[in-house]
Amino acid sequence: MTGTKRGLSLALILLLASFSLAPVQAQNSPIPGIEISCDNEETTLYLDYVGTNDYYAVGTCTVENPSTYSENVEISYDGDGFVASGPESATIPAGDSIEIQVMVRSTSSDATLRNVTIDVEVTSVQGAELPDFLATFMPSDSSNIMAQVAEFVDLSASLQQGSLTLSSELMLPMSATLFVTNNGNVDDDVTVTIENTAILEERNIGWNITNSGQDGTIDAGGGAATYTLRFTPDPSMMDESFAVMIKIKSSFDNSQTTEVSLTLNTTAPEESILDLTEMNIPTWAYVAGGTLSLLVLFAIVMSIRKRIRGAQSSRNFEDDDDEDFDFDDDDFEDDLDDDLDDLDDDLDDLDDFEF
């Protein structure tokens with residue numbers, strides 16, 4: 001009987017409250033009431049990456065009982081595409097308040113702003129439940145949390161080939177292909193540079209970087225771009241191998257950078273056996289060689305002149321005597337041997353000369 005009277009009294013209070021022209025705002029109101037407010041009603045709660053396809057954040061809401069009665073409340077959540085959860089019920093003493101933690105979770109990296117709604121409703125006052133026909137008069141309130149997966153870029157890069165060979169002999173430009181992927185949830189403009197350009201400048205190796213697309217923007221969600229790195233050899237390169245460091249930097253997040261390494265192998269021109277510049281021959285040897293060549297040439301010319309004069313003398317003698325004259329081949333060979341002996345003597349004298 002006592003419980004029935006309490007329920008009827010409470011019903012009467014609710015009916016009187018429903019006919020009120022204005023709500024009672026003061027603390028310790030004589031009628032039941034409930035209020036909820038959340039910290040992120042007007043500011044965005046960002047969900048951070050915590051694992052593969054898992055983004056998470058916690059918001060805080062305050063539930064207040066402004067009445068003179070102890071109230072039991074039920075709390076429900078609408079994530080608007082996110083998963084929102086928290087306490088589902090609570091008891092709030094008269095004139096008191098509690099804080100609840102609302103966990104917001106997403107399995108998608110989509111950065112769309114969403115409105116998470118938290119509803120709170122009084123289910124009983126002073127431990128007494130209302131008849132069903134009066135349940136609609138129970139006070140309730142709602143608040144919201146603006147939540148969004150934080151925008152981020154996730155850059156990765158790879159080379160089609162890890163090394164190139166530049167030849168000083170062939171002098172052909174060589175190219176390497178770089179692939180850059182953005183696995184983040186926001187489009188990004190990236191820059192591709194070579195960090196250690198000094199190592200190329202010291203070797204007089206030319207280089208440039210071109211993008212296969214219209215600009216440096218890479219779409220979110222796995223978008224990719226292709227870059228071509230072109231290197232021009234120098235004829236004076238040596239046989240060596242060194243690393244070229246390629247840096248990929250985000251314009252959205254300056255802390256987001258990635259690097260890859262390309263090995264450059266350079267080859268020097270092949271040395272010729274007759275390449276006198278590589279033999280370190282002293283200057284005096286060139287002078288001696290030139291002198292010797294002149295002496296040999298002079299001796300040959302003199303020998304030829306002697307033979308010509310001998311032949312002319314023989315013809316003149318034949319014309320004057322009007323007789324048959326037999327030219328003796330043995331005599332000619334003897335003269336040639338004498339000339340060669342003279343040449344050998346000259347060469348022997350040159351060998352005795354000290355440079």
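This is a predicted model: local features need pLDDT of at least 70, side-chain atom pairs count only at pLDDT 80 or more; totals for chains, interfaces and linings use all residues.
Let's zoom in on one pair here. The ring centres of Y55 and F152 are 6.1 Å apart and their planes sit at 35 degrees; that angle falls between the 30 and 60 degree cut-offs, so the pair is called tilted. It ties together distant parts of the chain: Y55 belongs to strand β3, F152 to the loop between β9 and β10, and 97 residues separate them. Are these two buried or exposed? Y55 has 5% relative accessibility and counts as buried, while F152, at 23%, counts as partly exposed.

## How confident is the model?

Across the protein chain the mean pLDDT is 81, with 70% of residues reaching 70 or more.

In soluble globular proteins, nonpolar side chains tend to be buried together. Here the largest nonpolar core holds 29 residues, and V102 and I118 touch the most other members. Several strands supply at least two residues each, among them β1, β3, β7 and β9. The top contributor is β8, with five residues.

There's also a second, separate core of 26 residues, including A176, A225, L229 and F231.

## An open sheet

Now find the sheet made of five strands, in the order β11-β18-β17-β13-β15. It is open, with mixed pairing. At the edges are β11 (163-167) and β15 (217-218), each of which pairs on one side only.

Strands of a sheet pair through backbone hydrogen bonds, either parallel or antiparallel. Which way do β17 and β18 run? They are antiparallel, and ten bridges join residues 240-250 of β17 to residues 257-267 of β18. For an example, take V244: its bridge partner in β18 is L262.

## A buried threonine

T177 lies in strand β12, which covers residues 174-182. Its relative accessibility is 18%, so T177 counts as buried. Beyond neighbours within four places in sequence, T177 touches S158, L159, Q160, Q161, T226 and Y227.

## Charges over rings

Finally, look for two arginines sitting over aromatic rings. The charged end of R114 is over the ring of F82, 5.4 Å from the centre. R203 lies over the face of F242, with 4.7 Å to the ring centre.

Key: Residues are numbered from 1 along each chain as its sequence is written. Side-chain values use heavy atoms; hydrogens and water are left out. pLDDT is the predictor's confidence in each residue, from 0 to 100. Two strands pair if DSSP finds at least two bridges between them. Helices (H or I, at least four residues) and strands (E, at least two) are DSSP runs, numbered from the N terminus. A nonpolar core is a set of buried Ala, Val, Leu, Ile, Met, Phe, Trp, Tyr and Cys residues joined through side-chain atoms within 4.5 Å. Buried means under 20% relative accessible area, exposed over 50%, partly exposed in between (1.4 Å probe, protein chains only). Contact means heavy atoms within 4.5 Å. Rings of Phe, Tyr and Trp (its six-membered ring) pair if their centres lie within 6.5 Å; planes under 30 degrees apart count as stacked, over 60 as edge-to-face and the rest as tilted. A charge sits over a ring if NZ of Lys or CZ of Arg is within 6 Å of the ring centre and within 35 degrees of the ring normal.
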